Amino acid sequence: MRTLLARAGLVLAGALTATLALAAPAAAHGADAPDGTDYRAAVTAVAPARPGLSVRVVEAGARLELTNSGDQPVEVLGYSGEPYLRVGPDGVYENRRSPATYLNRTIAGDTRVPAEADPAAAPDWRRVADGPSVRWHDQRALWREAAPPPQVRAAPDREHRVRDWVVPLRADAGTVEIRGTLDWVPPPDAYTWWVVATLGLLAVGALGLLPPGSAPGARALAGLGALLVVGGFTAVVFTVGRELDAGAQGVGGVLAGLLGGQVWALLTGLGAIVAGGYALARRPAADFALALAGACVALFAGVANAAVFARAVAPVPWSGTTARTLVAVIIIAGAGATAAGALRLHTSP
(Lines give C-alpha, C1' and ligand atoms only; values in the text may rest on other atoms or scores of the structure.)
Protein backbone atom coordinates (compact mmCIF):
# COMPACT_ATOMS: atom_id res chain seq x y z
CA MET A 1 0.00 0.00 0.00
CA ARG A 2 2.87 2.34 0.71
CA THR A 3 4.12 1.72 -2.81
CA LEU A 4 0.69 2.60 -4.20
CA LEU A 5 0.56 5.76 -2.09
CA ALA A 6 4.02 6.81 -3.26
CA ARG A 7 2.99 6.15 -6.84
CA ALA A 8 -0.11 8.29 -6.38
CA GLY A 9 2.02 11.10 -5.01
CA LEU A 10 4.36 10.93 -7.98
CA VAL A 11 1.48 11.00 -10.45
CA LEU A 12 -0.19 13.92 -8.68
CA ALA A 13 3.11 15.79 -8.64
CA GLY A 14 3.43 15.10 -12.35
CA ALA A 15 -0.03 16.50 -12.97
CA LEU A 16 0.89 19.67 -11.09
CA THR A 17 4.15 19.98 -13.00
CA ALA A 18 2.30 19.59 -16.29
CA THR A 19 -0.13 22.30 -15.27
CA LEU A 20 2.70 24.71 -14.44
CA ALA A 21 4.51 23.82 -17.66
CA LEU A 22 1.39 24.59 -19.68
CA ALA A 23 0.72 27.86 -17.86
CA ALA A 24 2.67 30.02 -20.31
CA PRO A 25 0.98 28.69 -23.48
CA ALA A 26 -2.41 28.89 -21.80
CA ALA A 27 -1.79 32.50 -20.80
CA ALA A 28 -0.71 33.34 -24.33
CA HIS A 29 -3.88 31.84 -25.73
CA GLY A 30 -5.94 33.57 -23.02
CA ALA A 31 -4.74 36.95 -24.24
CA ASP A 32 -7.04 36.51 -27.24
CA ALA A 33 -9.66 34.32 -25.58
CA PRO A 34 -9.89 35.73 -22.06
CA ASP A 35 -10.83 33.59 -19.08
CA GLY A 36 -13.09 36.40 -17.91
CA THR A 37 -13.61 40.15 -18.11
CA ASP A 38 -15.53 42.99 -16.48
CA TYR A 39 -16.52 44.53 -19.82
CA ARG A 40 -19.69 43.27 -21.49
CA ALA A 41 -19.89 43.84 -25.24
CA ALA A 42 -23.14 43.33 -27.13
CA VAL A 43 -24.36 43.75 -30.71
CA THR A 44 -27.63 45.67 -30.70
CA ALA A 45 -28.39 45.95 -34.43
CA VAL A 46 -27.19 45.55 -37.99
CA ALA A 47 -28.69 48.49 -39.83
CA PRO A 48 -30.09 48.33 -42.34
CA ALA A 49 -30.75 44.62 -42.02
CA ARG A 50 -29.61 42.45 -44.93
CA PRO A 51 -30.75 38.89 -45.71
CA GLY A 52 -28.10 36.37 -44.69
CA LEU A 53 -26.02 38.89 -42.74
CA SER A 54 -25.60 38.38 -39.00
CA VAL A 55 -23.10 39.53 -36.39
CA ARG A 56 -22.53 38.39 -32.81
CA VAL A 57 -20.02 38.78 -30.00
CA VAL A 58 -17.88 35.72 -29.15
CA GLU A 59 -15.08 34.82 -26.70
CA ALA A 60 -16.45 36.87 -23.79
CA GLY A 61 -16.50 39.94 -26.00
CA ALA A 62 -12.97 39.55 -27.37
CA ARG A 63 -14.09 39.13 -30.99
CA LEU A 64 -16.90 39.93 -33.36
CA GLU A 65 -18.15 37.19 -35.67
CA LEU A 66 -19.76 38.15 -38.98
CA THR A 67 -21.58 35.62 -41.15
CA ASN A 68 -22.67 36.53 -44.67
CA SER A 69 -24.61 33.78 -46.42
CA GLY A 70 -26.02 36.17 -49.02
CA ASP A 71 -25.20 36.30 -52.71
CA GLN A 72 -23.14 39.52 -52.55
CA PRO A 73 -19.91 40.15 -50.59
CA VAL A 74 -19.77 42.51 -47.64
CA GLU A 75 -16.70 44.51 -46.66
CA VAL A 76 -15.72 45.38 -43.10
CA LEU A 77 -14.07 48.80 -43.03
CA GLY A 78 -10.95 49.50 -41.00
CA TYR A 79 -10.13 52.37 -38.68
CA SER A 80 -9.47 54.83 -41.50
CA GLY A 81 -12.48 53.75 -43.53
CA GLU A 82 -10.37 51.48 -45.76
CA PRO A 83 -11.48 47.99 -46.87
CA TYR A 84 -10.28 45.55 -44.20
CA LEU A 85 -12.19 42.27 -44.63
CA ARG A 86 -14.36 40.94 -47.44
CA VAL A 87 -16.84 38.15 -46.73
CA GLY A 88 -18.98 36.55 -49.41
CA PRO A 89 -19.91 33.39 -51.27
CA ASP A 90 -16.30 32.90 -52.41
CA GLY A 91 -14.87 32.97 -48.88
CA VAL A 92 -13.12 35.44 -46.58
CA TYR A 93 -10.39 37.82 -47.72
CA GLU A 94 -8.25 40.29 -45.79
CA ASN A 95 -6.63 43.39 -47.23
CA ARG A 96 -2.86 43.31 -46.73
CA ARG A 97 -2.72 47.08 -47.14
CA SER A 98 -5.12 47.74 -44.24
CA PRO A 99 -3.44 48.54 -40.90
CA ALA A 100 -6.40 46.84 -39.20
CA THR A 101 -5.26 43.52 -40.65
CA TYR A 102 -2.25 43.65 -38.36
CA LEU A 103 -3.62 45.61 -35.41
CA ASN A 104 -6.52 43.20 -34.98
CA ARG A 105 -4.42 40.07 -34.74
CA THR A 106 -4.26 40.43 -30.96
CA ILE A 107 -6.71 41.85 -28.47
CA ALA A 108 -4.03 44.29 -27.30
CA GLY A 109 -3.56 45.68 -30.83
CA ASP A 110 0.21 45.57 -30.40
CA THR A 111 1.20 43.80 -33.63
CA ARG A 112 3.77 45.75 -35.65
CA VAL A 113 2.21 47.37 -38.71
CA PRO A 114 4.50 46.90 -41.76
CA ALA A 115 5.53 49.85 -43.88
CA GLU A 116 3.51 48.64 -46.88
CA ALA A 117 0.26 48.95 -44.92
CA ASP A 118 -1.41 52.08 -46.26
CA PRO A 119 -5.14 52.73 -45.83
CA ALA A 120 -5.09 55.01 -48.89
CA ALA A 121 -3.62 52.32 -51.17
CA ALA A 122 -5.63 50.03 -53.44
CA PRO A 123 -6.65 46.82 -51.62
CA ASP A 124 -4.41 43.77 -51.86
CA TRP A 125 -6.79 40.92 -51.04
CA ARG A 126 -5.58 37.61 -49.62
CA ARG A 127 -7.92 34.69 -49.09
CA VAL A 128 -7.87 33.46 -45.49
CA ALA A 129 -10.93 31.18 -45.21
CA ASP A 130 -13.36 29.26 -47.38
CA GLY A 131 -16.58 29.68 -45.41
CA PRO A 132 -18.97 32.63 -45.05
CA SER A 133 -17.87 33.60 -41.52
CA VAL A 134 -15.01 35.61 -40.05
CA ARG A 135 -14.00 36.56 -36.50
CA TRP A 136 -11.79 39.45 -35.54
CA HIS A 137 -10.76 41.68 -32.66
CA ASP A 138 -12.17 45.15 -33.15
CA GLN A 139 -10.84 47.99 -31.06
CA ARG A 140 -14.09 49.92 -31.48
CA ALA A 141 -15.89 47.27 -29.43
CA LEU A 142 -13.17 46.84 -26.78
CA TRP A 143 -11.78 48.75 -23.81
CA ARG A 144 -8.02 48.53 -24.27
CA GLU A 145 -6.76 50.85 -21.51
CA ALA A 146 -5.19 49.35 -18.39
CA ALA A 147 -7.18 51.66 -16.09
CA PRO A 148 -10.99 51.57 -16.09
CA PRO A 149 -12.97 54.54 -17.47
CA PRO A 150 -13.36 57.65 -15.25
CA GLN A 151 -17.01 56.92 -14.46
CA VAL A 152 -16.06 53.46 -13.24
CA ARG A 153 -13.35 54.81 -10.98
CA ALA A 154 -15.85 57.27 -9.54
CA ALA A 155 -18.48 54.61 -8.76
CA PRO A 156 -17.01 51.10 -9.10
CA ASP A 157 -19.99 49.41 -7.44
CA ARG A 158 -22.42 50.22 -10.28
CA GLU A 159 -22.79 49.21 -13.90
CA HIS A 160 -21.71 51.85 -16.41
CA ARG A 161 -22.22 52.33 -20.12
CA VAL A 162 -18.67 52.84 -21.38
CA ARG A 163 -19.73 53.72 -24.91
CA ASP A 164 -21.92 52.92 -27.87
CA TRP A 165 -19.85 51.66 -30.78
CA VAL A 166 -20.25 51.33 -34.53
CA VAL A 167 -18.35 49.17 -37.02
CA PRO A 168 -19.06 50.28 -40.62
CA LEU A 169 -19.61 47.83 -43.46
CA ARG A 170 -19.89 48.34 -47.20
CA ALA A 171 -22.27 46.31 -49.35
CA ASP A 172 -23.54 46.96 -52.88
CA ALA A 173 -21.94 50.42 -52.80
CA GLY A 174 -24.07 51.23 -49.74
CA THR A 175 -23.22 51.52 -46.06
CA VAL A 176 -24.29 49.12 -43.33
CA GLU A 177 -23.50 49.56 -39.63
CA ILE A 178 -22.89 47.06 -36.86
CA ARG A 179 -24.13 48.86 -33.76
CA GLY A 180 -23.36 47.76 -30.25
CA THR A 181 -22.70 48.68 -26.65
CA LEU A 182 -19.84 48.25 -24.20
CA ASP A 183 -20.70 48.18 -20.49
CA TRP A 184 -18.60 47.81 -17.36
CA VAL A 185 -20.00 45.31 -14.85
CA PRO A 186 -18.81 45.27 -11.21
CA PRO A 187 -16.79 42.12 -10.52
CA PRO A 188 -17.81 39.62 -7.83
CA ASP A 189 -16.02 39.09 -4.53
CA ALA A 190 -13.50 36.38 -5.39
CA TYR A 191 -12.70 35.82 -1.71
CA THR A 192 -16.24 34.58 -1.03
CA TRP A 193 -16.08 32.05 -3.85
CA TRP A 194 -12.67 30.76 -2.77
CA VAL A 195 -13.95 30.35 0.81
CA VAL A 196 -16.94 28.37 -0.48
CA ALA A 197 -14.72 26.16 -2.63
CA THR A 198 -12.20 25.59 0.18
CA LEU A 199 -14.82 24.72 2.81
CA GLY A 200 -16.55 22.43 0.35
CA LEU A 201 -13.43 20.48 -0.59
CA LEU A 202 -12.46 20.14 3.09
CA ALA A 203 -15.89 18.73 3.90
CA VAL A 204 -15.62 16.24 1.04
CA GLY A 205 -12.04 15.36 1.95
CA ALA A 206 -13.12 14.61 5.53
CA LEU A 207 -14.99 11.55 4.20
CA GLY A 208 -11.58 9.97 3.80
CA LEU A 209 -11.24 9.81 7.58
CA LEU A 210 -13.86 7.04 7.77
CA PRO A 211 -12.20 3.60 8.02
CA PRO A 212 -12.10 2.10 4.51
CA GLY A 213 -13.02 -1.39 5.74
CA SER A 214 -16.10 -0.27 7.66
CA ALA A 215 -19.69 0.10 6.48
CA PRO A 216 -19.50 3.93 6.80
CA GLY A 217 -16.25 3.84 4.83
CA ALA A 218 -17.90 1.84 2.06
CA ARG A 219 -20.77 4.32 1.89
CA ALA A 220 -18.24 7.17 1.83
CA LEU A 221 -16.49 5.56 -1.14
CA ALA A 222 -19.78 5.37 -3.04
CA GLY A 223 -20.56 8.98 -2.17
CA LEU A 224 -17.12 10.12 -3.31
CA GLY A 225 -17.54 8.23 -6.57
CA ALA A 226 -20.93 9.84 -7.21
CA LEU A 227 -19.56 13.29 -6.39
CA LEU A 228 -16.61 12.82 -8.74
CA VAL A 229 -18.99 11.78 -11.53
CA VAL A 230 -20.88 15.05 -10.93
CA GLY A 231 -17.62 17.01 -10.96
CA GLY A 232 -16.47 15.35 -14.17
CA PHE A 233 -19.79 15.96 -15.89
CA THR A 234 -19.70 19.59 -14.76
CA ALA A 235 -16.19 19.94 -16.18
CA VAL A 236 -17.34 18.60 -19.55
CA VAL A 237 -20.33 20.97 -19.55
CA PHE A 238 -18.18 23.99 -18.71
CA THR A 239 -15.61 23.04 -21.37
CA VAL A 240 -18.31 22.69 -24.03
CA GLY A 241 -19.72 26.04 -22.88
CA ARG A 242 -16.36 27.70 -23.52
CA GLU A 243 -16.38 26.41 -27.07
CA LEU A 244 -19.95 27.58 -27.64
CA ASP A 245 -19.02 31.03 -26.37
CA ALA A 246 -16.02 31.00 -28.72
CA GLY A 247 -18.43 30.68 -31.64
CA ALA A 248 -18.40 26.92 -32.29
CA GLN A 249 -21.51 25.75 -34.11
CA GLY A 250 -22.84 22.22 -34.47
CA VAL A 251 -21.43 19.01 -33.06
CA GLY A 252 -18.53 19.03 -35.50
CA GLY A 253 -17.56 22.61 -34.65
CA VAL A 254 -17.68 21.94 -30.91
CA LEU A 255 -15.60 18.76 -31.23
CA ALA A 256 -13.01 20.52 -33.38
CA GLY A 257 -12.73 23.33 -30.83
CA LEU A 258 -12.46 20.91 -27.92
CA LEU A 259 -9.70 18.89 -29.56
CA GLY A 260 -7.91 22.03 -30.69
CA GLY A 261 -7.91 24.09 -27.50
CA GLN A 262 -9.72 22.46 -24.56
CA VAL A 263 -8.53 18.88 -24.84
CA TRP A 264 -7.01 18.61 -21.33
CA ALA A 265 -10.09 19.93 -19.58
CA LEU A 266 -12.26 17.59 -21.65
CA LEU A 267 -10.11 14.51 -21.00
CA THR A 268 -9.84 15.12 -17.26
CA GLY A 269 -13.60 15.63 -17.05
CA LEU A 270 -14.23 12.34 -18.84
CA GLY A 271 -11.55 10.68 -16.71
CA ALA A 272 -13.28 11.88 -13.54
CA ILE A 273 -16.56 10.35 -14.71
CA VAL A 274 -14.86 7.01 -15.37
CA ALA A 275 -12.98 7.08 -12.04
CA GLY A 276 -16.17 7.97 -10.19
CA GLY A 277 -17.95 5.03 -11.77
CA TYR A 278 -14.99 2.84 -10.86
CA ALA A 279 -15.34 3.88 -7.21
CA LEU A 280 -19.11 3.35 -7.27
CA ALA A 281 -18.45 -0.22 -8.38
CA ARG A 282 -16.00 -0.57 -5.44
CA ARG A 283 -13.29 -1.93 -7.69
CA PRO A 284 -9.74 -2.57 -6.41
CA ALA A 285 -7.54 0.54 -6.19
CA ALA A 286 -10.64 2.79 -6.34
CA ASP A 287 -9.02 5.13 -3.81
CA PHE A 288 -6.05 5.61 -6.10
CA ALA A 289 -8.36 6.33 -9.05
CA LEU A 290 -10.27 8.90 -6.97
CA ALA A 291 -7.08 10.69 -5.90
CA LEU A 292 -5.56 10.80 -9.37
CA ALA A 293 -8.67 11.73 -11.37
CA GLY A 294 -9.76 14.24 -8.75
CA ALA A 295 -6.43 16.06 -8.84
CA CYS A 296 -6.42 16.23 -12.64
CA VAL A 297 -9.97 17.55 -13.00
CA ALA A 298 -9.44 20.05 -10.17
CA LEU A 299 -6.29 21.41 -11.82
CA PHE A 300 -7.11 21.33 -15.53
CA ALA A 301 -10.84 22.12 -15.39
CA GLY A 302 -11.23 23.83 -12.01
CA VAL A 303 -8.23 25.96 -11.07
CA ALA A 304 -7.57 26.64 -14.78
CA ASN A 305 -10.97 28.39 -14.95
CA ALA A 306 -10.90 29.99 -11.51
CA ALA A 307 -10.49 33.47 -13.04
CA VAL A 308 -14.29 33.55 -13.23
CA PHE A 309 -14.33 33.97 -9.44
CA ALA A 310 -13.00 37.50 -9.93
CA ARG A 311 -14.65 38.49 -13.24
CA ALA A 312 -18.19 39.59 -13.98
CA VAL A 313 -18.38 38.20 -17.52
CA ALA A 314 -17.37 34.57 -17.96
CA PRO A 315 -16.36 32.93 -21.29
CA VAL A 316 -19.47 30.74 -21.37
CA PRO A 317 -23.00 31.36 -22.69
CA TRP A 318 -24.46 31.59 -19.18
CA SER A 319 -24.52 34.11 -16.37
CA GLY A 320 -21.40 34.82 -14.34
CA THR A 321 -23.02 33.33 -11.23
CA THR A 322 -23.75 30.08 -13.06
CA ALA A 323 -20.17 29.92 -14.34
CA ARG A 324 -18.72 30.51 -10.87
CA THR A 325 -20.99 27.85 -9.37
CA LEU A 326 -19.89 25.30 -11.97
CA VAL A 327 -16.19 25.99 -11.37
CA ALA A 328 -16.69 25.77 -7.60
CA VAL A 329 -18.38 22.38 -8.02
CA ILE A 330 -15.45 21.14 -10.13
CA ILE A 331 -12.88 22.25 -7.53
CA ILE A 332 -14.87 20.89 -4.58
CA ALA A 333 -15.48 17.52 -6.24
CA GLY A 334 -11.99 17.15 -7.68
CA ALA A 335 -9.84 18.43 -4.83
CA GLY A 336 -12.16 16.87 -2.23
CA ALA A 337 -11.91 13.45 -3.92
CA THR A 338 -8.12 13.83 -4.04
CA ALA A 339 -7.90 14.57 -0.32
CA ALA A 340 -10.30 11.79 0.60
CA GLY A 341 -8.61 9.26 -1.68
CA ALA A 342 -5.18 10.11 -0.28
CA LEU A 343 -6.44 9.73 3.31
CA ARG A 344 -8.01 6.38 2.51
CA LEU A 345 -4.80 5.18 0.89
CA HIS A 346 -2.85 6.26 3.95
CA THR A 347 -5.12 4.45 6.42
CA SER A 348 -5.61 1.26 4.37
CA PRO A 349 -3.86 -1.78 5.85
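What follows is a conversation about the terms applied to this structure.

Guide: This is a predicted model, in which local features need pLDDT of at least 70 and side-chain atom pairs count only at pLDDT 80 or more, while totals for chains, interfaces and linings use all residues. Residues are numbered from 1 along each chain as its sequence is written, and side-chain values use heavy atoms, with hydrogens and water left out.

Visitor: Why is the pair of W193 and F309 called stacked?

Guide: Rings of Phe, Tyr and Trp (its six-membered ring) pair if their centres lie within 6.5 Å, and planes under 30 degrees apart count as stacked, over 60 as edge-to-face and the rest as tilted. The centres of W193 and F309 are 6.0 Å apart and their planes lie at 15°, so the pair is stacked. W193 belongs to helix α5 and F309 to the loop between α9 and α10, 116 residues apart, helices being DSSP runs (H or I, at least four residues) and strands likewise (E, at least two), numbered from the N terminus.

Visitor: What makes W264 and F300 a stacked pair?

Guide: Their ring centres are 5.8 Å apart and their planes are at 25°, so this pair is stacked as well. The pair links W264 in helix α8 with F300 in helix α9, 36 residues apart.

Visitor: How do you know whether F300 is buried or exposed?

Guide: Buried means under 20% relative accessible area, exposed over 50%, and partly exposed in between (1.4 Å probe, protein chains only). F300 has a relative accessible area of 14%, and is therefore buried.

Visitor: What makes R86 a charge over a ring?

Guide: The criterion is that NZ of Lys or CZ of Arg is within 6 Å of the ring centre and within 35 degrees of the ring normal. The charged end of R86 sits over the ring of W125, 4.9 Å from its centre, and R86 also lies over the face of Y93, at 4.6 Å from the ring centre.

Visitor: Which residues touch the most other members of the largest nonpolar core?

Guide: A nonpolar core is a set of buried Ala, Val, Leu, Ile, Met, Phe, Trp, Tyr and Cys residues joined through side-chain atoms within 4.5 Å. Of the 33 residues in the largest one, L228, F238, V297 and F309 touch the most other members. Helix α10 gives the most to this core, with nine residues.

Visitor: Why are β4 and β9 said to pair?

Guide: Two strands pair if DSSP finds at least two bridges between them. Two bridges join β4 to β9, and these strands run antiparallel; V76 has L169 in β9 as its bridge partner.
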